[in-house]
Amino acid sequence: MQQEPEIAAAVAVGSRRKGRRKPEFLPGESRRIGYLYVAPAFIIYAAFNLFQLGQGVNISFYEWDGLTPGTWVGLANYREFFTEPAIRETYIHVLELMVFYALAPIAIGLSLAVMLSRIRIRGLTFFRMLLFLPMVITDIVTAVAWTWIYATGGGVAGHPEGPLATVLKALGLGRLVPADGWLGNFHTALPAVGVFGMWGGFGFSLILFLAGIMKIPSSLYEAARVDGANVWHELRAVTLPGLRYELQVVLVLSVIGTLGTFDEIYVLTQGGPGTETSVPAWQIWSRLFNTGQVGSAAALGLIMMVIVFAVTYALNRLMERGASD
Amino acid sequence: MGRVVYENVTKMFGEVTALRDFSLQIEDGEFMVLVGPSGSGKTTALRLIAGLELLTAGQIRVGDRIVNRLAPRDRDIAMVFQDYALYPQMTVYQNLAFGLKMRKMSKDEIDRRVRHAAEMLDIGELLERKPRALSGGQRQRVALGRALVREPQAFLMDEPLSNLDAKLRVQTRSEIKHLQKQIGTTTVYVTHDQVEAMTMGDRIAIMNEGLLEQVGDPRSVYEHPANTFVAGFIGSPAMSFARMNVEQGDGRLTLSHSELRLEVTGDPAPLPFEVIVGVRPEHAWIWREGQGLRGPLEGRVQFVEMLGKESMIGVDVSDDVTFVVHTGADSPISLGDRVAFGVEPGRLYLFDPATNRALGVV
Amino acid sequence: MRQRVRFTRRVSVLAVIAIVAFTAMSCTPGTTVTHKSAPPVPTITGVTETEPFTLTIWDQESGQVGRIWDQLNTEFEQKYPNVTVKRVNRDFGELKTLLKLAISGPHPPDIVEANQGWPDMGQLVKAGLLLPLDNYAEAYGWDQRVSENVLAVSRWTPDGTQFGTGSLFGYTTMGEIVGVYYNKTILEELGLSLPTTFAEFEQALATAKQAGEIPIEFANSDGFCGIHEFGTIQDQTAPVTYLTDLIFGLNDLSFDTPENIQAATIIQDWVNKGYFMPGFGGAGYDDSVNLFAKGEGLFMITGNWIVQNLGADSTGFGFFLMPPMQAGGIAVATGGAGFPLSIAAGSEHPDAAAAYIDWMTSDHAAEMLVPTGQIPLATGVTTSVPSGTVLSDVINAAATASDNNAIVPYEDWATPTFYSTLVAAIQELMAFRITPQEFVSQIEEDYSKFQSSRV
Amino acid sequence: MNTAASRTQIAFNYFLLVLVSIVAIYPLVGILLASFYPPGPASAPTGFELPPTFEWHNYVTAWTQGHFSAYCTTSLIVAVVMVPASVVLSILGGYAFATMRFRGANVIFYLFILGLIIPTEATIVPLYEDMKALGLLDTYWVLIILEVSGEVSFGIYWMRAAFMSAPRSLLEAARIDGASSWRTLWRIMVPFAKPAILTLSVLTFADSWNEFFLALVFTVNRYTAPMGLTSFASKYQLQIALTSAGAVIVALPIVIVFIIFQRDFIRGMLTGAVKG
């Protein structure tokens with residue numbers, strides 16, 4: 001539920017690590033001491049995470065309300081994943097969110113980084129700090145501001161109207177302003193959530209891309225220019241290959257982050273209006289606590305975990321294959 | 001007794017054999033250089049002594065102990081790493097003292113040893129600095145010092161000069177050699193640079209693809225290479241090789257390669273029909289009658305390398321054979337010229353093409 | 001390829017671990033349910049223990065009501081100096097979320113304020129987590145103080161399979177009623193009188209709209225308010241017995257009825273005509289209450305609980321029940337009992353908890369709570385409410401509905417998932433994402449699924 | 001390229017950067033401004049205009065009435081115990097995975113990595129039951145233990161990468177110098193990995209301070225700062241100025257920690273993320 005971007009990056013990178021050689025012991029090296037170092041962390045992790053995952057697997061085979069004894073239903077909870085439109089819908093929403101969490105930040109971050117990289121920026125540290133701020137402040141706080149930004153007041157005098165609506169109206173684009181506010185309108189709620197999430201994360205990709213671009217030797221650009229490359233060629237031949245690793249991190253991380261989206265939904269829309277912003281993690285939470293479908297929630301949680309794993313794995317394979325071409 | 005002995009040591013990494021049935025005895029106080037191209041197993045051999053790798057078969061002794069399974073700390077050796085491996089957050093003093101502290105040596109003794117080593121290496125002023133604030137050469141000395149203070153049975157050095165610039169390298173190598181003679185500690189020194197090997201080693205062990213090709217003092221290795229690999233590896237510029245047919249009889253030996261013919265008097269042991277002939281550039285001269293050179297051989301000049309007081313010229317004697325020939329710096333030879341050259345007597349190395357082993361010198 | 005082999009091996013190792021872990025834990029989740037029977041009728045009422053102890057209560061009262069609770073607690077502690085009352089105050093959503101977890105432990109709260117109906121109280125009863133209160137009710141005479149209608153919504157068969165009959169699991173003397181508030185000034189300005197039929201009400205809406213006023217102050221981003229708008233219309237289109245039976249799960253009823261479709265059609269019609277506050281989909285309930293209190297909007301359809309926001313003795317606002325379809329018909333309203341208090345089965349001080357409930361439902365408590373807009377249900381409570389105030393309107397309307405037996409319980413009690421289903425479906429209905437027919441089908445699906453699972 | 005052209009380019013670049021930065025902090029400034037509005041259920045300011053008067057007193061009111069001292073104390077106590085514990089465990093584990101060989105190391109490491117994608121939704125109910133059985137509900141310990149167990153996966157991954165980026169010779173030199181693995185860790189590797197450790201600590205601190213769901217589910221009297229904020233906000237629903245003041249109070253410690261460490265933090269972040 002709290003998919004940290006950096007954690008997602010870890011998953012991304014962790015899974016792509018090549019397996020190490022078969023353990024071979026060095027002279028005089030203790031064969032057991034490694035366990036001692038790992039033990040404290042592992043014990044607490046196994047006892048308060050892994051063990052419950054096992055229990056979760058067990059629960060997922062029951063229809064259980066969390067209170068009375070469950071009924072064994074075998075794979076029925078898993079079957080729901082394929083049969084219930086409500087669940088399918090959540091994954092469609094997540095796909096839509098990808099535009100905001102993965103594609104847009106990469107496109108915007110990349111183009112900004114390309115533009116900014118052409119000069120030495122004074123005070124970059126300061127700007128970096130500003131760009132990183134949205135990431136470190138909890139959604140609980142920032143959501144407050146975003147509800148204001150998205151408010152439109154239905155156009156009634158005296159109702160709070162957010163700056164977004166004010167600006168659009170001033171530009172003569174008032175017809176774009178949904179009366180129900182961006183978060184209350186069925187068509188705009190999901191994109192609005194997406195923009196909020198994007199705002200919280202785009203600084204990270206921009207900074208990563210900027211750092212990456214600065215590492216590309218300028219001789220490569222010079223060589224490209226000597227060869228008569230235009231901006232577009234330069235991007236394709238020099239910048240993108242040079243940023244391959246940064247791209248991979250941002251892409252994998254944002255895709256995993258999107259799949260696990262929860263906080264934004266919890267603080268902004270609670271899945272509404274209707275079920276328009278319901279995402280898998282929210283659906284699970286809601287089954288768990290609002291409607292008492294604990295077994296079903298466990299099964300959906302495990303399915304989500306498998307999907308996240310599969311997507312991460314596939315993306316990494318894809319990126320690596322792309323790199324070796 | 002600082003003797004280091006390998007007995008039939010084999011080291012495999014997974015399915016790759018890094019060192020194959022390697023036996024070598026390094027005497028007490030000896031400066032032994034392990035030399036070879038990358039992947040030859042020389043570094044592995046060194047790390048096996050240090051205990052940084054576990055051998056697959058065989059035995060290693062340091063002093064009179066078998067150290068196969070001893071931890072590095074118990075082997076009584078010290079090592080100088082290629083990248084020096086200085087502890088970045090410690091001062092030079094702390095770097096030198098660390099190993100002694102770990103051995104629970106008294107503070108006074110540590111201080112004595114550190115100051116002594118610092119004096120020997122002339123790094124007394126640097127003791128309070130951190131590695132970051134040192135030049136490459138200074139770091140290198142600190143790395144040596146860290147080995148020195150330990151007063152071990154053997155020093156192990158893994159290409160310690162490779163990160164220095166050319167000039168400093170030459171200077172340092174004689175300093176190390178000098179230091180080693182002064183202290184008299186057995187030293188195993190790994191390098192890929194044959195010049196370093198020739199100038200520093202009491203003996204040189206030439207390695208290739210996990211095998212020991214030849215051991216000996218620099219002169220004998222140079223003069224009597226055991227095989228084409230050693231012959232080609234030792235000496236600079238490298239030896240030129242050519243496959244030649246052999247006609248032997250009546251006390252004369254004729255070596256030929258297409259149009260090329262070379263007649264040699266003297267009758268070595270019976271040779272196969274074909275041999276590899278090796279000629280060191282320093283033994284090949286532009287032909288002049290009456291100098292007792294063997295030849296002449298003729299060919300077209302393919303390249304000219306000015307070295308200052310002399311030049312090396314590459315001469316194509318046939319489509320696939322080029323000899324490098326020595327000439328004075330002022331010689332008027334230029335590219336494309338046809339030249340004739342000859343070889344000093346007793347400097348034609350013959351090798352068996354089947355085994356690459358040396359057959360003799362004529 | 002080697003990579004893949006290694007990967008497969010890793011996966012298989014994980015699988016083995018997972019299987020081992022799984023078999024180790026493969027037991028049915030949930031503890032065996034033991035349904036406690038009602039404690040014996042206490043011979044002495046009140047707190048009998050003398051040792052100091054703490055009574056913990058989980059409630060969802062905030063604002064003015066919350067402050068009065070604090071005061072009542074202090075008085076209770078003064079009355080029984082060995083008792084400390086600890087309030088854990090969580091909002092409606094949190095309480096819904098967390099009560100089930102909290103109450104199933106070895107040290108549950110003693111008293112909980114759980115919502116009636118299948119989603120909350122029903123689940124707790126079924127799991128044997130609440131104590132039947134019948135004997136306490138007898139000892140304290142609770143059943144004599146309020147009408148059976150009020151008690152019925154807290155009644156369950158002890159195994160939790162039947163709603164509306166059986167043992168008593170919660171008790172309150174405070175009532176709720178959902179109706180129409182109106183702004184007297186605007187009503188006057190528009191030259192309107194109080195509507196007496198549904199048609200007149202719609203006429204009033206049209207007039208207000210024409211005059212540029214907001215006919216109905218309404219905000220639905222929180223969701224629950226939409227249930228009340230719909231319910232209030234549905235109360236007029238569908239028969240009372242149908243609605244009550246639907247909620248109690250009697251007589252195999254369906255949600256897919258012409259009356260319900262009619263109610264859904266009316267609400268869509270109102271949206272179409274712009275009778276609701278513009279931007280209601282994105283506005284919050286509390287904001288809308290605040291705006292209404294400040295004079296925006298002719299009507300607001302909601303419950304008695306906003307009286308405290310309007311000011312109990314305010315004469316600027318009035319309240320009436322949604323008028324019936326036919327002239328002279330009976331106005332039916334949603335409401336009835338407020339949040340009841342229940343005793344956790346695991347409570348170590350059930351007698352004291354009962355004494356506490358009696359205290360919180362006493363006439364004294366009622367007198368303090370009524371000015372906040374809570375409706376006294378107990379017979380014989382004398383409250384001096386000045387007439388002409390919004391509070392008196394509310395209390396009178398509730399009394400009328402009660403006398404007419406025209407109070408329908410909250411619809412979201414009908415199934416464990418009904419609240420979520422209704423909120424989403426009404427939001428979709430009011431945004432024209434679904435037709436009235438789709439709306440009732442969607443809800444019927446939830447309803448029938450649950451009803452068939454009960455059999 | 002002539003000077004004039006590059007000057008416009010530079011100007012354009014700064015313009016762009018300033019624009020992006022404004023987008024980044026605009027909502028935050030909104031909250032800050034709103035926190036100074038006069039309190040009371042006023043018509044909600046949208047927070048993006050200067051308040052008529054600066055009501056510093058809002059902070060005092062929020063702090064005392066909102067019990068933020070209690071919430072912040074909880075967050076602080078939990079963080080003070082949890083951050084060092086989690087970082088030390090991560091250092092130990094990361095060190096073992098980076099430098100030691102032992103049977104099953106890979107499997108154990110991947111089990112840790114699994115922790116990064118275990119959805120809390122699948123485990124929270126069993127977790128609740130287990131914590132209940134241990135009698136840890138509503139204690140600092142429940143937050144500390146669960147946060148640690150949630151953070152070590154990432155921490156171990158992170159520290160392993162950091163230690164693996166150390167030259168191998170450094171470890172070997174220490175081995176030859178006779179340092180035990182324990183000494184090597186604390187005397188050689190930890191000083192070497194200081195920037196990575198700092199970044200991990202800041203991240204962990206932020207996670208701990210911002211913890212919301214664990215506090216929501218597992219505590220009643222031990223609300224963390226963000227949980228306290230939601231509780232405060234729901235009690236003072238129309239008090240936008242006060243709620244904003246509360247929000248600023250909750251966000252401030254993180255912002256301060258971040259500003260103090262930001263240079264090293266971002267550096268560690270970049271190397272961590274890119275080196276992997």
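Which chains have the most contacts among the five pairs of chains that touch? The most contacts are between chains A and D, where two residues are said to be in contact if their C-beta atoms, placed from the backbone, lie within 7 Å.

These legends describe a predicted model, in which local features need pLDDT of at least 70 and side-chain atom pairs count only at pLDDT 80 or more, while totals for chains, interfaces and linings use all residues. Residues are numbered from 1 along each chain as its sequence is written, and chains are lettered from A and ligands numbered from 1 in the order in which they are written.

**View 1. The contact between chains A and D.** Chain A brings 88 residues to this contact and chain D brings 83 residues. On the side of chain A that touches chain D, helix 2 (residues 33-59) of chain A gives the most, with 18 residues; helices (H or I, at least four residues) and strands (E, at least two) are DSSP runs, numbered from the N terminus. By class, this side of chain A has 62 nonpolar, 17 polar and nine charged residues, where Ala, Val, Leu, Ile, Met, Phe, Trp, Tyr, Cys and Pro count as nonpolar, Asp, Glu, Lys and Arg as charged, and the others, Gly among them, as polar.

**View 2. The contact between chains C and A.** Here 38 residues of chain C are in contact with 38 residues of chain A. Helix 1 of chain C gives the most to the side of chain C that touches chain A, with five residues, and this side has 16 nonpolar, 15 polar and seven charged residues. Chain B and chain C, by contrast, are joined by no contact, and their closest C-alpha atoms lie 13 Å apart.

**View 3. Strand 9 of chain C and its partners.** Strand 9 (residues 333-337) of chain C is mostly covered, with five of its five residues buried, that is, with 20 or more other C-beta atoms within 10 Å of a residue's own, the C-beta atoms being placed from the backbone. Strand 6 (residues 174-183) of chain C pairs with strand 9 of chain C in the antiparallel sense over three bridges, given that two strands pair if DSSP finds at least two bridges between them. Glu176(C) has Gly336(C) in strand 9 as its bridge partner. Strand 12 (residues 407-408) of chain C pairs with strand 9 in the parallel sense over two bridges, and Ala333(C) stands opposite Ile407(C) in strand 12.

Methods:
Buried ≥ 20, exposed ≤ 12 C-beta atoms within 10 Å, placed from the backbone.
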